[in-house]
Structures are given as structure tokens and as C-alpha cells.
Amino acid sequence: MGWATSMAPRQVSAWEVIGMTHRYILAVDYEKCTGCHLCELACSIKHYGVVNPYLSRITIITKPEIQASTPIFCLQCNDALCARACPANAIYFDEKTGAWLIDYNKCIGCRECVYACPFGAISLTVKAEPIKCDLCGGDPECVKVCPHGAIFYGPEYEVIRKLKKGKSVGIVYGILEKGVEVPAGNRVKEAEEAVKTLYRIWEERKKLNI
Amino acid sequence: MKTVIIGGGIAGLYTTYYLVKYGYEPSNIVLVAAEWPPYSKHRLAEILREKLSIDYAYIGLYNMLLDKGVKILQDVATRLDISNKTVVLKRNGGITYDNLVIATGGKPFIPPLKGTELKNVMTFYDLEDLKKLSRIPRTARVAVIGAGLVGLSVATALNRLGAQVTVYELMDDILPGVIDRPLSTKLEKYLVSKGIKIRTRSRVEEIKGGKTAREIKASGRIEPVDIVVFATGVRPNTELVGGSGIEMLRGAIKIGRNGMTSIYGIYATGDCALSYDLITEKEVYRPLGFVAAHYARIIARNITGTRKETRGIVPTIYENIGGAHIVRVGLSLKEAESLGLSPTIRCEEALSYASCTVLQDQAPIGYEAIGFSNRIKNKAWQIYYDIHTMFS
Amino acid sequence: MVKHVLDIDLEKCNACMRCVFACSLARSGVIDERQAMITIVIEKGVVVDIAVCRHCDPAPCVNVCEFDALNVENGRVVLDQSKCTTCKACISICPFGAIRESYGGELVKCDLCGGDPACVRVCPTGAIRYMPAHLVKMRRVGGVVRTVYEYLETIGRG
């Protein structure tokens, strides 16, 4: 499963419909994330005024054995499966922020969106009410609070540049592959070399049998 | 304040229930019922098909009303004296009222044909009909006249029991007014594959025979028959109201948005009264259970002092016809046309499932679906919600 | 109070029908598909749906029931058989096909077995679980987490 690739087949995206050339995206440099869970707390404070990780729309899964953390967050897919699955048509695309939002007047709390999302990005509160990232209306709190600068928000090209700076070649490669932007020849070469390096490291690691 | 409810069917029963629920003193309610205990007509076909006991048809709610102290008279109302606020009963004489709820229900309609008085010509409407039909020989040849929901339910039930069933329908398609062309054709194919003969566009002209019916003549064709079942619809049972001054339309009692008739203090609900359609806001005659219960609640609210009005009803219909699931929400194409709209229909088909959306000016006003597997999942709620947000 | 919900994972279901039979046994003491409140929908050999009540709140069926037979109590949609007249409006409106007609026109719908669902007890693959609502998501993040860990491993972290 590619976490940065969109749902296939890619049809006309919601962004193309409204004529936006640069979509704003939220992305995470997984290498920089230390698993401090500050974004979770910020998210729950922003939306509910309380500190409760279960009311957060972003979730960090940490595996201490290998010192790795994975933020789970909504990728605001072009062709959102949650919106397709919703039997009440309650999930709609907000043109202003570029986020898929839940209309709570329509929502019947059936959890179909939770089951449909392949990334586990829709959470349920303790009252079984679905919550998902709304990009804080265009000003995500998690980005501001992250002490390591692991979460980026901005126009797509800018985010990609930042991710590249963070040497997250794989992620960058994933996004470029999506067909948003055709990569230049030398970039492809760079990326291919990077992947080769990755494989070499991986092979070496396997020998060590971690 | 005394409230008299005439009719012990679903409409009368639920008006009583809602009155008690909304805090009306139960001892001030008199329920006049010809048949008691009350039962649900929706269950008759299923009881026939599975050869179950008639006890399954009764609605358990009446015990609760008896416990609360509602007075129930097993009697028939014969006359209405509006100037003295009195209802004259057959056995118990006159009783006075402050509020009157007329819920006399409907009666099965039999078209005026030659031979309908014969011995084995019947309707499928109440418990007596059920008892009669459950005693017929296993391989009887049955003619069901009318391919509505009742007609097809009884046809599939009898087919399951082994009878040779032929369904006669005057219109072009089966289930007219419930579902439209592409779906009704599918259902017809399915029923034919089950062994039910279907004769659409055939007008039944005569039932022949001496004492008992032996042959049926429809559109010139004569076929032998053992039992004839009329399922040609329901008409309002409003003999009681006739000549009393209550405003009527096509034989049914006209009611306002609060369930009241043209005379103050007299309400009507159920198969004897008209109801409003939410989408067109027109008066329609829909002899359906939930329409009766909807107005029962509105009437109970008004009698207990909370003013309440309804804009109308969006019909929600489901029926299992011999294993085919039929779902209808809102208006069908034909019904919308008859109510003066100019709708279009958009259909889609999936594996063992087909559905149509009825649109008026690109806005959904109806949804109908048919499924043949054990899947009943559908999009009806979306359409129902859209209709409600748009029209109310 | 934490709401407990039935968590369904279609991919894990192998259509062994144990949940259906257990449900029917728990409800009426016999094994009979028509008495079960859970249905496995199979089309062309593929499990396309497990139809069981989601206990929605606000629930479409409660909204549409004119007979006061369906109500939400303690976060559960409860059917009162004594008030039901089998008008079947709820069956037509339910987006999941979770309410069904049983013998004699009696409607059957999931009541969560009073907090210890029989279907969950017998499911061998974990396709159906009964768990606190806020933990449902955790069963679904595995794919992403695994991918990211694999990636981090390949670049030499972890």
C-alpha cells in the first residue's frame, strides 16, 4: 500500500473541477517524527478544548523497539472512498480548504467511512461519532505545534521541496509518480540512484538480521 | 373531555396509543372496535405462505392499552349525530364525545362484474379471507385479479403452497404505481420463472359457473379456475359519515394538516381518509399503515393540546415478493405524472440488483429498487433525506 | 460512557456462517437463517457485505417508524415487537439491509445480545468484533504502519 499515492484509477479530481492548479496538502516526513504525540494533543485542544488523544484526528503509532513512529492522518484523497461509501452522503469536499468534511446534520454514525478508509484516517470518539482531519479550516494546528518540523502544510510543490530537503526520497518519488508533475530526466536518475542505495542498505541490513 | 375512537384497526389502535403516551387520561378514551383483538394486514400473506397460526397477526399493543384502563366496546357505530355530539352504536346505544376520531378503515373493492357473487370468489383483506384461503386444496387453480402488492404477495404465497396461480392485470405492467417499467419487467420475468402465469393488459370480463366459479373470461380468453381472488385495491369505508355534513372527496374523508375534518373536534385517519403528499402537497388516497399511524400521532398531539401540523408524507414501501425485494421511496414515475409533475427516470443496474431514481428538475423525488439476492441494501435513505430537506 | 460497537472487517470474513447460526440460536433456539439478525451477502462467490445493524444515531429506521416501535436506548436501536405492525418502512429505508422479515411477518434486528454478541463469540477469523468505538480505527492503521516501517527500515532507520 502506498501511503502517498492516490486511489487508482485517478479520475477528474475535485481540485480540477474547481480549477485549482496547486492543491494544498498536509504531509509528514516520517523520518523526522519522534513520536512525541504533541500534534495529537494540539488537535484535540483545537477541536474540543480538552487534552485527549482519543479526540484527535491525527494518531501517532510508535514502535519503540525500532524507534519508529508513524503519524496516521487524512490524505484528503482525490477520489475519497469514505465519501463514496457514506450511505447518507454526509462527506463532502470543501473547496475553500481542500478538505473532505463530515456534515454532522446528515451523519447517521454508521461507521461505514471508518471501514472504507484504507489508511485508518477516520477516528471514532468514545460516543462512536466519526471525526476526520478538516485541515483546521486551512491553518492546521499540528503543523504549528510540531517541534521537529515533521508535518508540512502548503501548496503541493512546496511540500514536495521540503520533503526532498528532508531526504525523504522515497516519499517524494511516490508523490511524483502520481502524475501531478512530470519529473525531469535528471530527477528520475537521482531518484533511481536513491532507490538503488536504499536497496543496497536494505540488503546489508538483512544480513545483520535485525 | 371524552374522546371516542371509531375503528379498532391500526389507525384507531395507534391513535389510542399516542393519546395515552402524550398524557391523555386513559379512562376518558372509548375505542369502538368491530374486530378485536387488532391485527396487522401486512402479515396475512406471510402467515398464509408459511402455514402459521393466526395468532402471529395480532398486535401485542392492545394488552398494554387494556392495562392502562382504556375502555373498549366491541360494537359497530351505525349513526353519527353531530349536532348532539353523539355516536349511535348497534348494541350500546348512543355515547357522547368531545373529540371524535373516525378510523373506520377501508373495504376491499370488487369491480362490478358478472359472477362476483359466486361461492369461491373472494378477496384477500381480512382474517376470514385468510382462513378461507388456507383451506383450499393444494393444487387448486387460482386466479388473482390485480397485480398490486397485495395481489402479488398472495400469488407468490399460493404458488409456494403448490397452487397454479394466474395473475390478471389491467395495466401494462405488474405493480403499477409502485415501480416502473425497467424494474417491473424484471420482476415479471422472475415471477414467470417461479411458475406464476402473468396476464398483463387483460381485462377480466366475467366469471362463469353455476353456484361456484369454474371459468374466468379475460380479454376474450376463457380459462378454467377453482378459486378467484380479487386484489383490486381498497376503497374508504365511510358509510357512517355519509350525509353527516363532513366534507368528502371521492368517497374519502377530507382532512386538514392537523388531521381534523371540516367539522371542529372530529378527526379522521387511516384508510377512510385522505392524506397529503409531501412533495406535491396534494391530497392523495394512500391506504397504507404508516400513513394512518402518522396522522394518528398528529391527531393525538392536537387532542392533548399541542398544536401540530404535518406537511405530508413521503411513502416508504418494502415488500418481499416471492424472494424479490421491492423498495420504493418517494414518488414513482407514474404517480408523479398523475400528480401533475413532469419527471424523468434514471436507472442503473448492478449484479442481481437494479434501481431507478425519479427526478424532477434534476432533484430526486423518488427511488425504487429491486433485488434478487439476500441483499436489501439500498440508497433509499439518501433520497428520503434529500426529499425531506428540500420540501419541508 | 464508552460506546461499544460491532466492528466488521469484510476482508477477514470467509463466509463460514457461524455468526448467522449462533445468532439464530441465541435468539430463538434453532438454527435457521431466516431467524438470524445477521446476514452474510454473497454474490458470485464473494462476500460483498455483512448485513447487521450498525445502531446508528440518529438512525434512519427510527426516523421513519411511525408506530413508535423503533427507539434509540442507551446508544442501541431497539425494536419493540409489541408495537410493530410489519409495515416494513424501516426495511426499505435501512442503508445496510439490517432489518429483515422473519416468520409470520415478525421483524428481526440486532439487539447486541445485551452486550455480549453471540456472533462475536463464535467468529473464528476476527471479521466481526465487539469493541469500544474509539479503538475501531486501530484495527485499520496496520497497512500504513507496516509500509512506513518497511520504508524506514530500507533507508537505514529502525
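View 1. pLDDT is the predictor's confidence in each residue, from 0 to 100. A contact means two residues whose C-beta atoms, placed from the backbone, lie within 7 Å. Residues 1–11 of chain A also stay under 50. Where pLDDT is low, the predicted coordinates should not be read in detail.

This is a predicted model: local features need pLDDT of at least 70, side-chain atom pairs count only at pLDDT 80 or more, and totals for chains, interfaces and linings use all residues. Residues are numbered from 1 along each chain as its sequence is written, while chains are lettered from A and ligands numbered from 1 in the order in which they are written.

View 2. Helices (H or I, at least four residues) and strands (E, at least two) are DSSP runs, numbered from the N terminus. The mean for chain A is 74, and 67% of its residues reach 70 or more.

**View 3. Five strands of chain B form an open parallel sheet.** Their order is β3-β2-β1-β7-β20. Strands pair if DSSP finds at least two bridges between them. β3 (71–74) and β20 (266–268) of chain B each have a single partner strand, so one side of each is left without a neighbour in the sheet. The twist averages 20° from one strand to the next. Four bridges join β2(B) (residues 29–33) to β3(B). Which residue of β3(B) is the bridge partner of Val32(B)? Leu73(B) is.

**View 4. Helix α1(B) lies across strands β1, β2 and β7 of chain B.** α1(B) runs at about 170° to β2(B). Axes are lines fitted to C-alpha atoms, for helices over the stretch in contact, and angles run from 0 to 180 degrees between N-to-C directions.

**View 5. Helices α1 (residues 10–21) and α7 (residues 289–303) of chain B cross at roughly 35°.** Their axes come within 8 Å. Residues in this contact include Tyr14(B) and Tyr18(B) of α1(B), and Ala293(B) and Arg297(B) of α7(B). By class, the contact has 11 nonpolar, two polar and one charged residues. Ala, Val, Leu, Ile, Met, Phe, Trp, Tyr, Cys and Pro count as nonpolar, Asp, Glu, Lys and Arg as charged, and the others, Gly among them, as polar.
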